[in-house]
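Student: Can we go through this model together? I'd like to know what stands behind each label.

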Amino acid sequence: MKSISVVSFPSTTTKDSTCSGVEEVMSSRSGYLPNIAQNFGYYKNLAVNCLQRKDFDGARSALMNLNTSLGNEYLVNISTEQYEEAVKTQLMFQCSNCFQTESKIINEGEDDEYTKETQIPSEIPDEQVAVFDMILPLIASVVHNSKTKKVWFCPKCKNENNMASTIKFMSERQRPYFLRVVPDSPISKRGLDRAFPHKFGQWFYNFLEEITAQEVLYRKEYVSQHGEDMPTFKDTGDKA
Ligand SMILES: [Zn+2]
């Protein structure tokens, strides 16, 4: 038995609007955000319900519609290539000659919240670092048993750093961060693919988090335009 996952677009008609189609809503006054609360709530429920029923095609389709209902400006991109580029961990080189300021919020959200600034050695991404072989003076070359040593020049302070003694580390992003891009949806392999539901679930919730982050931005902009938040709709199951 094949589960049916037809995704119908709910009516977008509101009390004081005569918009009747998606196109009309999307192309409303330029820059003026339409109320998407109804579509948004509808597709979010549908997506989660489909996932719970293990209707993966339906869940994917509902997420795509949820994403689209944000409009072009707030859309989350779907591209494995762009995603991998965005999450790539970055090799950092520490310069031993100059410093950068690191700001840290202490007691965040509390009455005595403050920003603490500390000086830490400059951290330079590896792609900005050019490595050179420097010819050593005779005595040094005997000591090091090598005619050259590897050095790099800091792009900030232009000073020389000895590669062998440079501290290198991988910088990691800390959650929450939002990339506005998700990888392509995982595809179930032919036959029994036991890993698929888990893989799909991870993809699904990552996508949903990204969409939700965009929704927050959308609503902020909506509030600043309209002076109030989007009215929400309770009748999300309307099949009009
Ligand atoms: Zn430097």
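Student: Which residue in S3 stands opposite Ile-105?

Tutor: That's Thr-115. Before we go on: this is a predicted model, where local features need pLDDT of at least 70, side-chain atom pairs count only at pLDDT 80 or more, and totals for chains, interfaces and linings use all residues. Residues are numbered from 1 along each chain as its sequence is written.

Student: What joins S2 to S7?

Tutor: 4 bridges, again antiparallel, link S2 to strand S7 (residues 168-171). Met-92 sits opposite Phe-169 in S7. Together these strands form an open sheet in the order S3-S2-S7, with antiparallel pairing.

Student: Why do S3 and S7 count as edges?

Tutor: Each has a single partner strand, so one side of each has no neighbour in the sheet. The twist from one strand to the next averages 30°, using axes that are lines fitted to C-alpha atoms, with angles from 0 to 180 degrees between N-to-C directions.

Student: Why is S3 called hardly covered?

Tutor: A residue is buried if 20 or more other C-beta atoms (placed from the backbone) lie within 10 Å of its own, exposed if 12 or fewer, and partly exposed in between. Strand S3 (residues 114-125) has 12 residues, and the count of buried ones is 1. Across the 240 residues of the protein chain, 17% are buried.

Student: What about the other sheet, with S4, S5 and S6: in what order do they come?

Tutor: The order is S4-S5-S6, in an open sheet of 3 strands with antiparallel pairing. Strand S4 (131-135) and strand S6 (160-162) are at the edges, because each has a single partner strand. Neighbouring strands here are turned by 45° against each other on average, direction ignored. Strand S5 (residues 148-153) pairs with S6 over 3 bridges, and Phe-153 stands opposite Glu-160 in S6.

Student: What makes Lys-158 exposed?

Tutor: Its C-beta has 9 neighbours inside 10 Å, so Lys-158 counts as exposed. Lys-158 is in the loop between S5 and S6. Its phi is positive, about 65°, although it is not a glycine.

Student: And why is Lys-54 called exposed?

Tutor: Lys-54 has 12 other C-beta atoms within 10 Å, and the exposed class is 12 or fewer, so it qualifies. Lys-54 lies in the loop between H2 and H3, and takes a positive phi of about 60° although it is not a glycine.

Student: How do you know that the span of H2 agrees with its length?

Tutor: The expected span is 1.5 Å times one less than the number of residues. For the 16 residues of H2 that should be 22 Å, and the end C-alpha atoms are 22 Å apart, so the two agree.

Student: What do the buried residues of H2 pack against?

Tutor: H3 and H6, where a contact means C-beta atoms, placed from the backbone, within 7 Å. Buried residues of H2 include Phe-40, Tyr-43, Leu-46 and Ala-47.

Student: What makes a nonpolar core?

Tutor: You need buried Ala, Val, Leu, Ile, Met, Phe, Trp, Tyr and Cys residues joined through C-beta atoms within 7 Å. The largest core has 20 residues, and Ala-47, Ala-59, Ala-62 and Leu-63 touch the most other members. Helix H2 (37-52), helix H3 (56-68) and helix H6 (196-226) each supply at least two residues of this core. H2 gives the most, with 7 residues. A second, separate core has 5 residues, among them Phe-93, Cys-95, Ile-124 and Cys-154.

Key:
Contact = placed C-beta atoms within 7 Å. Pairing = 2+ DSSP bridges.
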